[in-house]
Amino acid sequence: MKKILSLNHGLRGEIKIPGDKSISHRSIMISGLGNTPVEIENFLAGADCLSTISCMEKMGVDVKNLDGKIFVKGNGLFGLHEPENILDAGNSGTTLRLLLGLTAPQNFLVTFTGDSSLRKRPMARVIKPLSEMGASIFGRNDNKNLPIAVLKPAQKFRGITYEMPVASAQVKSAIIFAGLYADSPTMIIEPYPSRNHTEKMLRAFGAKIETAGNVIKIFPAENFVAPKKIFVPGDISSAAYWIVLASILENSDVTIKNIGVNETRTGIIDVLKNMGAQIEILNERESGGEIFADLRVVSAKLRGVEFGGEIIPRLIDEIPALAVAAAFAEGETIIHDVGELRVKETDRLAAIVDEFNKISHGSFSATDDTLIIRGGAEKFFAECKTYADHRMAMSLSIFGAAAKGVEIDDADCVKISYPDFFEELTN
Ligand code: S3P
């Protein structure tokens, strides 16, 4: 339980954000397929990424933490070992889905489990394409829920052409990993482009991956040449809380340093700017194919907007934070095509409607896949539930901080992606 007080001042100065969660996961997995040590700078030591480390270690990858610096050394592209025990992905969909793709073509048996949230999340979406490639994977019931057993495949994987029904970087990445081990190229067609960190990082290790719009072609790989260092930029999904808070609080002028601004992730900036936010992208740099920059955010008067479709995968994890911004905007905000929120760490559409309405009565409503927010209504102090979902906890916290305060039942879950969130908020 944690009580967050109303902030009676704007955000000012500089904020440093922990490393990007998606890139941190991939840095461990992909470095674990090389055979020379890789230093990972600004790695996110959140619980989800620690789950990835623990799974990779159990398959023979060496991970060392020397004075906060992470070093990873694998045994080559074909050097993963059969784990002696079950791999536990904890709360992390990225760990599980990507590792299903990576382990399915290996010549050994792997079993996976996870926490009570992950055990409810649908895995058929990954198991279906992997099975078409030759995987032998068994899950519980029609959704192929955890626990899941990945058996040694009967033969070498086949390259396939797969049209994905939903834009999901986790599903796409699982197929990409499996495609590295196939006997011919694999082609993936996405409905809309999702985050492309796997493609970028694999290329930095020498893999041949071609992309054209929504189509990704993966060529079988023989070996990887690992770079000496990977720099993980700050996570735009974590920066989102401060971008929104600085925009809605009066008298803010804040610079958020070293944030990843890969175009598959910057939907939140585009939408907030359309709402009238004042966000400047400064000092753009590049490392390992990923662009990062400093973001300067100044208080602004926001107005409601309507959006959906192609932009959704570019901001899917930021919708709870955007919903907070919309509650302070003038007019209505309508967000279409957000049904995927129902299968995140919790049903985030239901959670937003049930919990955010405790702070701003009747402002939030949803259909199957649309979220509607009436801006500008009166806000109250409320006791809210996070459903053990890190993004709900942080969004509720900034909502309360910008309104009359809030009490959340579970503050601990922020350690999944942003362990120091509350230190930053109360600083
Ligand atoms: C992620 C992809 C997204 C996102 C998740 C992280 C990734 O999930 O919501 O937090 O690192 O690939 P989906 O692939 O289910 O859209």
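Predicted model: local features only at pLDDT ≥ 70, side-chain atom pairs only at ≥ 80, totals over all residues.

Visitor: Which residues are around the ligand?

Guide: Start with a distance cut-off: a residue counts if one of its heavy atoms lies within 4 Å. Here that gives Ser22, Arg26, Thr94, Arg97, Ser168, Ala169, Gln170, Arg195, Ile316, Asp317 and Lys344. Sorted by class, the shell has 5 charged, 4 polar and 2 nonpolar residues.

Visitor: How do I pick out polar contacts?

Guide: Look for N or O pairs within 3.5 Å. Serine 168 has a side-chain N or O atom 2.6 Å from a ligand oxygen, and for serine 22 the distance is 2.7 Å. With threonine 94, a polar side-chain atom lies 3.4 Å from an oxygen of the ligand.

Visitor: How much of the ligand does the protein bury?

Guide: Compare the area of the ligand alone with what the protein covers. Alone, the ligand exposes 380 Å², and the protein buries 94% of that.

Visitor: Which pocket does the ligand take up?

Guide: The largest pocket, with a volume of about 590 Å³. Its lining has 37 residues, with Ala167, Ser168, Ile316, Glu340 and Lys344 nearest the centre. Class counts for that lining are 16 charged, 11 polar and 10 nonpolar.

Visitor: And the second largest pocket?

Guide: That one holds about 330 Å³ of space. Its 15 lining residues include Pro18, Asn42, Phe43, Leu44 and Ala45, the closest to its centre. By class, the lining has 8 nonpolar, 4 polar and 3 charged residues.

Key: Residues numbered from 1 in each chain as written. Heavy atoms only, no water. Polar contact = N/O pair within 3.5 Å; in protein donor to acceptor, adjacent residues only side chain to side chain. Areas by Shrake-Rupley, 256 points an atom, 1.4 Å probe, with all protein chains shown as cover. 1 Å grid on protein atoms, 1.4 Å probe; cavity = no way out; pocket = protein on both sides within 12 Å on 5 of 7 lines; lining within 4 Å. Sits in = over half its atoms within 2 Å of the grid points. Nonpolar A, V, L, I, M, F, W, Y, C, P; charged D, E, K, R; others polar. Points joined across faces, edges and corners; volume = space filled by probe spheres on them.
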